[in-house]
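Hi everyone, thanks for making time this morning.

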Amino acid sequence: MRRIPRSGAPSVIPPEEVNQLCLDLGYAGFHSKEHVAANVFVCFGATLVISILIHFLLGALKKSFKSLDIYRQRNCVTYVLELIYTTIVLALQIEYGWNVVLYGADVNTNERKGLSYAAVTLTTLYLFELIYRVRTHWQLMVHHFIAVGVLLVAFASWFDYPKHHAPIIRMCTVFVLHASTEQLCFFALLAHRMLDHDKHANFLVWAHWIAGASSYVIKTAICLVTWILWWPIFTYPTHTSYSWFWCWVFPVLNTIMLFVQWWASSIFITLSRRVKGERERPHGSGNPAIYKALLREPRSIFKGPVSTLSGNHKGGITQQSTVTSPCDSELDAQEAGGHYQKLT
């Protein structure tokens with residue numbers, strides 16, 4: 001049998017060429033996933049350091065912050081974290097996702113990386129928040145687990161499907177706007193905890209109302225757009241490993257997410273009305289002891305009395321009491337459930 005000389009055997013394609021070939025065909029390169037996965041750990045560590053710095057700065061800038069219990073201190077820290085991270089995610093979406101969202105174009109290598117970093121940033125934020133918070137209500141867990149689940153499948157889809165399957169990326173990029181457009185909500189929540197209710201009542205009334213109204217409009221619009229973008233995926237499935245998820249599971253999760261967001265938006269409207277009511281009550285409306293005399297004992301959406309601190313009023317933070325301000329009862333509900341909160 002004639003032996004084939006070594007020089008005549010086909011040469012092995014260098015890894016760099018194979019990597020570039022994968023990228024040219026629309027697939028992920030050899031090390032793309034590994035690099036992004038490593039960035040999750042880096043981002044989580046950075047988030048921990050940033051949270052410590054935020055906690056220190058809030059205490060240095062606002063003396064009343066130190067009077068809050070650890071539960072509300074950590075909530076305030078997460079509000080600031082969410083303001084920063086969601087703004088970063090929104091910037092990445094605008095920079096790397098506008099082409100696919102507006103025109104349905106295929107994503108190039110840089111756009112794929114940019115959108116994957118947006119997913120990594122948001123996933124890290126939500127997981128850190130679930131660990132960092134002292135208490136987490138079930139609405140918050142539902143919101144975050146839905147968001148993280150969709151992001152993980154979207155992450156896999158972004159890296160594993162070939163070109164001409166841009167509809168999935170397009171829909172996912174729009175869906176992530178549920179999380180990256182909540183800056184007004186976080187700002188209103190942070191203001192509620194950090195500002196004097198007596199001095200800044202008008203500001204808080206409008207901050208909550210604007211946050212709630214804008215959230216209603218934005219979340220409803222996002223849901224409608226995602227349903228429109230979902231229909232072509234359902235009628236013309238991409239036949240990838242993830243088609244079943246996008247065709248059948250995603251619509252259910254999208255609907256649940258909308259109801260969670262509507263509920264959270266309604267809390268802001270309620271907060272606006274309650275703060276307005278506090279402002280109009282005479283003789284120290286911020287004192288929880290007076291609520292019992294002026295009103296029937298307020299009921300939150302939770303059953304039974306809820307132990308809270310009332311807002312930040314003149315003379316500092318009032319002592320903890322089971323007789324809560326209606327405003328704070330609603331805020332605790334909000335913090336528990338809507339991105340919150342609150343997808344604070």
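**A walk from the surface inward**

Accessible areas come from the Shrake-Rupley method with a 1.4 Å probe, and for residues only the protein chains shown count as cover.

Before going further, a word on the ground rules. This is a predicted model, so local features need pLDDT of at least 70 and side-chain atom pairs count only at pLDDT 80 or more, while totals for chains, interfaces and linings use all residues. Residues are numbered from 1 along each chain as its sequence is written, and side-chain values use heavy atoms, with hydrogens and water left out.

Back to the patch: which helices supply it with at least two residues each? They are helix 9 (201–235) and helix 10 (243–280), and helix 9 gives the most, with three residues. When I say helix, I mean a DSSP run of H or I with at least four residues; a strand is a run of E with at least two, and both are numbered from the N terminus. Tryptophan 262 sits in helix 10, and its relative accessible area of 31% makes this residue partly exposed. For that scale, buried means under 20% relative accessible area, exposed means over 50%, and partly exposed is in between, with a 1.4 Å probe and protein chains only.

Now the overall picture. The protein chain has 12 helices and two strands, and its order along the sequence is α-α-α-α-α-α-α-α-α-α-α-β-β-α. Of its 344 residues, 51% are buried. The chain's accessible surface is about 17,100 Å², with carbon and sulfur atoms accounting for 66%.

Staying with helix 10, let me point out serine 265, which lies there. Is this serine buried or exposed? Serine 265 is buried, at 0% relative accessible area. Setting aside neighbours within four places in sequence, serine 265 is in contact (heavy atoms within 4.5 Å) with Gly212, Ser215 and Tyr216.

Next, the interior. A nonpolar core is a set of buried Ala, Val, Leu, Ile, Met, Phe, Trp, Tyr and Cys residues joined through side-chain atoms within 4.5 Å. The largest one has 51 residues, and those touching the most other members are Leu58, Leu122, Val150, Trp246 and Phe250. Among the helices that supply at least two residues each are helix 2 (32–61), helix 4 (109–132), helix 5 (138–160), helix 9 and helix 10. Helix 3 gives the most to this core, with eight residues.

Take phenylalanine 250 as a close-up. Not counting residues up to four places away, phenylalanine 250 touches Val150, Met171, Phe175, Trp230 and Phe245.

Cysteine 223 is buried at 3% relative accessibility, and cysteine 247 is buried at 6%.

Finally, the charged pairs. A salt bridge is a side-chain nitrogen of Lys or Arg within 4 Å of a carboxyl oxygen of Asp or Glu, and that rule gives three of them.

- Arginine 72 pairs with aspartate 69, the closest N and O atoms being 2.9 Å apart; the arginine is buried at 1%, whereas aspartate 69 is partly exposed at 22%.
- Arginine 133 and glutamate 129 meet at 2.8 Å, N to O, and both are buried.
- Lysine 219 pairs with glutamate 182, with 3.5 Å between the closest N and O atoms. Because lysine 219 lies in helix 9 and glutamate 182 in the loop between helix 7 (177–180) and helix 8, this pair ties together parts 37 residues apart in sequence. Lysine 219 is buried at 1%, and glutamate 182 is buried at 0%.

Thanks, and I'm happy to take questions.
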